[in-house]
Amino acid sequence: MAEFDLDSSFIPALHKPAALLPIAKHRESLLYVIETYPVTIVIGQTGSGKSTQIPQFLKSAGWCSDGKTIGVTQPRRVAVTTVAVRVAEEVGCEIGKEVGYSIRFEDITSSATRVKFLTDGLLIREALVDPLLSRYSVIMVDEAHERSISTDILLGLLKKIRKKRPELRIIISSATLQAEGFLKFFTRSSDEQAPKEDGEKKDDVGKIVSLEGRTYPIDVLYLESPADNYLERAIDTVLDIHAQEGEGDILVFLTGREEIDHAVQATSERAAQAGSRYGAIQPLPLYAGLSTEQQMYVFDKPPEGTRKVIFSTNIAEASVTIDGIVYVIDSGFVKLRAYSPMTGIESLTATPISKASASQRAGRAGRTKPGKCFRLYTEQHFEGLADANAPELQRSNLAPVILQLKALGIDNVVRFDFLSPPPSELMSKALELLYALGALDEYAKLTRPLGFRMAELAVEPMMAKTLLSAQSFSCLSEMLTIAAMTSLGGSVWFYHDGDQKRMENSRRKFAVEEGDHLTLLNVYTAFVTRGNKESRFCHDKNLNYKSMTRAVSIRGQLKRYLERFNIVVDESLASQPKGDASKTAEQIRRCLTSGYFAHAARMQPDGTYRNVAGGTVLHAHPSSLMFNRKADWVVFHEVMETGEKTFIRDITKIEKGWLLEYAPEFYKVTDTRSREVV
DNA sequence: GAGCACTGC
């Protein structure tokens, strides 16, 4: 294995030399299994080197001869770029040559690229133009145990492709608990009724390979009796560790921003009270809502003799890796998204974690030396936890999924071979919406051109419909901007502690009477004109610069899609001062109604809203312009239940008559529980 | 009066 010694001399000291990674000694057996079986399930912990080493093994074993490519997917963009750069370094090539990567807005590949890293969502997109993914000899699906929507769809597609391409090799990297499930999925017949299509025996399909685990042991400790307040218990535990345990930083898993801000403050106060008996302690927050700059503090080395304590959301479970963590405190909870097919309402609530999550969290302790994990629950409670969380596909709005599957030529989506089939109510709800939007015809076939175009646009179906109607409302340029801004998901504004008033003042300056969508349009226009797309402008106005530049990219991409559909975007109208701004505003509101009619609500005398079905009490989110303002009918981008209340966000005033005008069938009076507009 | 985390040529 001389090549590893050679390679290792080029690796920065920061990196663990390849030859020392546990995986190196499995090289031959791994290659044998991949050669022999179409499907290989690889079990390996973080740090085992599977993501970086397996592609190199495959390359040196000749899997890219005759011009074929090895594809490696990751669920997240950052993972794609970091792993690709690392492998390019180890191979000793420039990134984008032999080793490259591709993520949305960034394609760092060339005709020479033989090992290609990409997001699993992007590989699905490639299947739209190359249904058999024929350029790949091997596809490795990394972090499959996370069970993201894209990963699940990709696995279903790969199972289908395998029947037509028996020579294709599929490698799935998984955590221990899920490995059997993946293997069963690929070995079971995709259609139990159908006669066996070939002579392939189940044992010939795949094999599980376990790579040696981590190097450092982790002591797991449980509470003797349940904690009645895990937040206070977490803070106590931090201070106990600080007083009693040896050197090393602490990572605490909590559920959200509110808890984390409280914990950070309480910890500093209590450490100050304890005085100088112990060394200094530095509590830091970590959650996605922080600006990149604020997030970076958690990676800084604390001053000599100071112990760093990071209070984090689930972001530190898989997405962000911090070195130097020796102690993990696990609250046992996570905030999870769910979707109710009955009401169409998404919710975000704290739920107990799974066993898989618990072990992933514990594993964050032992990366550099032996560690300890303090679980703020009893061992009995742990035994009662589910093995894994329900996959995302089973708790999401499936409209985008169905659109994508149909575009891939899978017409019978109900019979699609899902790793875990979603509940049928989710399916029917999504089909109903797609039909109402005109994406599907009465035979549930994708319509031409509308349905196909909606599937290709990288925005959710209601916004896709809105965009594709915009030309007829003469507000295409404006709607492109609104689509880009809403797809940022609320990260437009930022503030530091105590900065909130300033942010709200700034936000008020961009406000437009008719609602949030027009306000977002205003913000974007100011950023690209007055603001010159500069970060200073954003900083002054409490705008998130990263989000704003992202909006520019998304807008550009959506515009290119439309141009590919031969829809001309006239930008001259958008930039010049409008003689009749109110007329354009009305066109925009009408256009929004044509796509968001299913998200309509009417204000009640008490100031809350009711959706058209009548049942649910909706509150304007405090971040909305419509919060505490009078309106009659509105459409909204998103509805979410958190804690006790159900909020609507990104709200725009409309006229009741428009609903009947643009969605006559949806609002047709048929029976007593219909969506009657009164 | 307030939202976990991802993502799409």
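The model is predicted, so please read the distances below as computed values. Around DNA strand B there are 32 residues, and the largest nonpolar core has 111.

**The surroundings of DNA strand B**

- Of the 32 residues that surround DNA strand B, the closest are Leu122, Arg125, Ala288, Gln557 and Arg649.
- Among the atoms of DNA strand B that come within 4 Å of the protein, sugar and phosphate make up 60%.
- Sorted by class, this surface holds eleven nonpolar, ten polar and eleven charged residues.

**Polar contacts and the elements behind the surface**

- Arg337 has a side-chain N or O atom 2.2 Å from a base nitrogen of DNA strand B.
- Thr642 places a polar side-chain atom 2.8 Å from a phosphate oxygen of DNA strand B.
- Elements giving two or more residues to this surface include strand S14 (333–340), helix H23 (545–564) and strand S20 (633–642).
- Helix H5 provides the largest share, three residues.

**Nonpolar cores**

- In soluble globular proteins, nonpolar side chains tend to be buried together.
- Within the largest nonpolar core here, Ile172, Leu457 and Leu467 touch the most other members.
- Leaving aside residues up to four places away in sequence, Leu467 touches Leu457, Val459, Leu476, Met479, Leu480, Ala483, Leu558 and Leu562.
- Another core, of 30 residues, lies apart from the largest one and includes Ile70, Val87, Ile103 and Val115.

Key
Residues are numbered from 1 along each chain as its sequence is written. Chains are lettered from A and ligands numbered from 1 in the order in which they are written. This is a predicted model: local features need pLDDT of at least 70, side-chain atom pairs count only at pLDDT 80 or more; totals for chains, interfaces and linings use all residues. Side-chain values use heavy atoms; hydrogens and water are left out. A residue is near a molecule or strand if one of its heavy atoms lies within 4 Å of it. A polar contact is a pair of N or O atoms within 3.5 Å; within protein, one must be able to donate a hydrogen and the other to accept it, and residues adjacent in sequence count only if both atoms are side-chain atoms. Helices (H or I, at least four residues) and strands (E, at least two) are DSSP runs, numbered from the N terminus. Ala, Val, Leu, Ile, Met, Phe, Trp, Tyr, Cys and Pro count as nonpolar, Asp, Glu, Lys and Arg as charged, and the others, Gly among them, as polar. A nonpolar core is a set of buried Ala, Val, Leu, Ile, Met, Phe, Trp, Tyr and Cys residues joined through side-chain atoms within 4.5 Å. Buried means under 20% relative accessible area, exposed over 50%, partly exposed in between (1.4 Å probe, protein chains only). Contact means heavy atoms within 4.5 Å.
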